[in-house]
Amino acid sequence: LSEDEIAKIVELCGQAARRVKQAGFDMIEFHGHGGYLIAQFLSPYFNKRTDKYGGSLDNRCRFFLEVVESMRKAVGPDFALVAKYSIHEYIDGGREIEESQLIARKLEDAGVDGISISSGVYYSGIPAVPPHYFPPGVLLPLSEAMKEAVKIPVIAVGRLDDPWLAEKTLKEGKADFIGVGRGLTADPDWPVKVASGRIDEIRKCVACNFCREKLFICQPMRCTVNPVVGREGKYDVIR
């Protein structure tokens with residue numbers, strides 16, 4: 001990317017944020033992880049640029065911070081912006097926790113309202129979406145590290161769809177919010193059942209990642225334990 005192309009992308013990110021707000025959403029979470037564009041700028045493993053966007057940590061953060069500035073200008077001061085990025089890339093030559101803590105402080109100073117943790121890049125040791133052979137809460141050390149670095153809220157993820165573990169995480173101060181993704185695919189009523197004390201009725205995610213597998217081969221999302229996913233209009237509710 002040329003610097004002019006980067007500037008255009010930054011501008012377009014602001015326009016996208018404006019449309020999100022106009023559409024009635026409550027928050028934007030930046031996708032700064034997983035080896036995609038923002039992550040490539042941030043990571044010393046990927047970023048080999050020799051201009052103002054490469055080299056030092058300040059330079060590698062520049063694109064991310066410009067995106068934040070563009071979006072903030074578009075949505076105003078009272079709209080929530082949350083940054084999600086890999087706290088540890090788990091790859092030789094990648095970014096580790098200490099540098100990610102410095103990035104978090106830069107984002108906090110730039111007006112970001114929260115940090116949502118992630119891990120790894122594609123083919124790294126611990127992936128962003130840990131499958132069943134990783135224990136529930138495997139990424140909690142990363143959220144704890146972010147809690148040490150910033151005062152803004154930290155969102156923990158990574159097989160936290162067990163309500164008891166989620167509650168324990170909050171009570172122990174390891175995170176401020178719990179992010180549940182696959183658990184809501186398995187059972188969209190997860191929050192309602194937790195709030196009403198019907199935890200035994202939750203259809204549990206088994207972390208098989210079949211949902212993601214289908215998306216990567218350009219097929220409709222499917223779920224091992226919830227066959228209605230993507231076909232709710234046809235099959236309504238399964239009991």
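User: What should I know about the model before we start?
Analyst: It is a predicted model, in which local features need pLDDT of at least 70, side-chain atom pairs count only at pLDDT 80 or more, and totals for chains, interfaces and linings use all residues. Residues are numbered from 1 along each chain as its sequence is written, and side-chain values use heavy atoms, with hydrogens and water left out.

User: Which residues have the most contacts inside the largest nonpolar core?
Analyst: They are Phe30, Phe64, Tyr85, Leu107 and Ile115, in a core of 39 residues; a nonpolar core is a set of buried Ala, Val, Leu, Ile, Met, Phe, Trp, Tyr and Cys residues joined through side-chain atoms within 4.5 Å, where buried means under 20% relative accessible area and exposed over 50%, with a 1.4 Å probe and protein chains only.

User: And which helix gives the largest share?
Analyst: That is α3, with 8 residues; helices are DSSP runs of H or I with at least four residues, and strands are E runs of at least two.

User: Is β3 enclosed or open?
Analyst: Because 6 of its 6 residues are buried, β3 is largely enclosed by the rest of the structure.

User: How many bridges join it to β2?
Analyst: There are 6, and the two strands run parallel, with Tyr85 having Ile117 as its bridge partner in β3; strands pair if DSSP finds at least two bridges between them.

User: Switching topic, where is Tyr123?
Analyst: Tyr123 lies in the loop between β3 and α5, and it counts as exposed because its relative accessibility is 85%.
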